[in-house]
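Let's take a walk through this structure together, one piece at a time. Have the sequence and the model in view as you read.

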Amino acid sequence: MTARTVVAVTGALVVTAYAALLAVDALVLDPLAAVPGKSLAQVYAGVDAIGMDSRQDVVGVLVTAGIGVALAVAVTVIALWKRMPAPVVAVCHLALLALGAVATFQSGFFLGMDVADAFGVAGGAHGPWAGLLYGTSLAALVAIPAVLVVTMVQTLRRARAAA
């Protein structure tokens, strides 16, 4: 198995795990943290009771997470098909993780705002998981130039050794 394959598959799995946590946080963990003492069914019923549609919120979050997974799979397929160098594949997956911060922010608006309206709680994240997602995105953003610098140094060393 080549380094490119390992990086491509691992990157897709990491982005998929990020998207899964995004969805679970937005649809389960955060609503439960926002309204302690209520079951998830009671939270969703409360949202529907004020005239909002919790099903639309679920669809919005799942579409947002699904786009990330689809992009990760596309990067993996293209990387393997076009035989992209492993560092380029890594940077592409890191960029998707970095952009996950935008998806995390957006997904918080779907059910999160409806829960805030239905139960009179503050909007925004109520548990630690959004912070973990934002931190992961920040780490990915920092890792992009690190991968590029390491790759550049390795390339220069190889060129000097060959000369």
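L32 sits in helix α1, where helices are DSSP runs of H or I with at least four residues, numbered from the N terminus. Bear in mind that this is a predicted model, with local features needing pLDDT of at least 70, side-chain atom pairs counting only at pLDDT 80 or more, and totals for chains, interfaces and linings using all residues. Residues are numbered from 1 along each chain as its sequence is written, and side-chain values use heavy atoms, leaving out hydrogens and water.

L32 also belongs to a nonpolar surface patch, together with V24, V28, L29, W129 and L132, that has about 440 Å² of accessible area in total. Such a patch joins nonpolar side chains (Val, Leu, Ile, Met, Phe, Trp, Tyr) within 5 Å, from residues with over 30% relative accessible area and no salt bridge. A salt bridge would be a side-chain nitrogen of Lys or Arg within 4 Å of a carboxyl oxygen of Asp or Glu, and the areas come from the Shrake-Rupley method with a 1.4 Å probe, with only the protein chains shown as cover. α1 (3–34) and α5 (129–162) each give two or more residues, and α1 has the largest share, with four.

Now follow α1 to α3: their axes come within 9 Å and cross at roughly 175 degrees. Axes are lines fitted to C-alpha atoms over the stretch in contact, with angles from 0 to 180 degrees between N-to-C directions. The two helices are therefore roughly antiparallel, the word for angles over 145 degrees.

α3 (residues 54–81) has another partner, α4 (residues 86–119): here the axes come within 8 Å, again crossing at roughly 175 degrees. So α3 and α4 are roughly antiparallel as well.

Key:
Angles under 35 degrees count as roughly parallel, over 145 as roughly antiparallel, 65 to 115 as roughly perpendicular and the rest as oblique. Patches are made of residues with over 30% relative accessible area and no salt bridge: like charges are joined within 9 Å, nonpolar side chains (Val, Leu, Ile, Met, Phe, Trp, Tyr) within 5 Å.
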